[in-house]
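Welcome to this short tour. Open your viewer, get ready to select a few pieces, and follow along one stop at a time.

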2 protein chains.
Amino acid sequence: DEAPAIPPLVSGCVSCHSADGNPLVAGVPIIAGQRADYLVSALKSYRSGSRSGGPADVMRHFSEELSDKDIEEIAAWFSTN
Amino acid sequence: DEAPAIPPLVSGCVSCHSADGNPLVAGVPIIAGQRADYLVSALKSYRSGSRSGGPADVMRHFSEELSDKDIEEIAAWFSTN
């Protein structure tokens, strides 16, 4: 298949952020090409709950189970897209 | 001067995000070309405090006094950069 394999971890992100991080969903940030270190810190904020309310709760749902290593892998995928 | 006038409102952002939204500071997100609707919702989350802890407190400091109109103007500036 031509499309690069999408890491299974990323599948949760795709519904809002699209596989390459250029979202079609309104109000969802572009994360394609975003800084990896920022994506890591944002995901950790969602995971820890230090971002709350509205979309943050959706993000917390998706990030709660992620390990630091998972977060690094997800951040690497979108930052290099 | 060649550089476009930077809206006074944006001056607070420049130290971390740079004038065009491509930060030189580690851990600071690229906001150049980010979706305006996302920037508006993020700024409102910082302003309301629904993002807290660490850098969120810095962002809250800068966004506390902003009106909705200010936020729209700042979001427009960086999203079109």
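**Stop 1: two helices in chain A.** Select helix α2 (residues 36–48) and helix α3 (residues 55–63) of chain A, whose axes come within 8 Å and cross at roughly 95 degrees. Helices here are DSSP runs of H or I with at least four residues, numbered from the N terminus; their axes are lines fitted to C-alpha atoms over the stretch in contact, and angles run from 0 to 180 degrees between N-to-C directions. α2(A) is therefore roughly perpendicular to α3(A), a label used for angles of 65 to 115 degrees.

Before you go on, a note on what you are viewing. This is a predicted model, in which local features need pLDDT of at least 70 and side-chain atom pairs count only at pLDDT 80 or more, while totals for chains, interfaces and linings use all residues. Residues are numbered from 1 along each chain as its sequence is written, chains are lettered from A and ligands numbered from 1 in the order in which they are written, and side-chain values use heavy atoms, leaving out hydrogens and water.

Now show the side chains. Which residues meet between α2(A) and α3(A)? From α2(A) come Leu43(A), Tyr46(A), Arg47(A) and Ser48(A), and from α3(A) come Ala56(A), Met59(A), Arg60(A) and Ser63(A); contact means heavy atoms within 4.5 Å. These residues divide into four nonpolar, two polar and two charged. (Ala, Val, Leu, Ile, Met, Phe, Trp, Tyr, Cys and Pro count as nonpolar, Asp, Glu, Lys and Arg as charged, and the others, Gly among them, as polar.)

**Stop 2: the interface.** Next, colour the two chains separately. Here 17 residues of chain A are in contact with 17 residues of chain B. About 1400 Å² is buried between the chains, with carbon and sulfur atoms giving 44%; buried area is the accessible area (1.4 Å probe) that two parts lose on being put together, summed over both. Select Ile30(A), Arg35(A) and Tyr38(A): they supply 33% of the area that chain A buries against chain B, more than any other three residues.

Notes
Angles under 35 degrees count as roughly parallel, over 145 as roughly antiparallel, 65 to 115 as roughly perpendicular and the rest as oblique.
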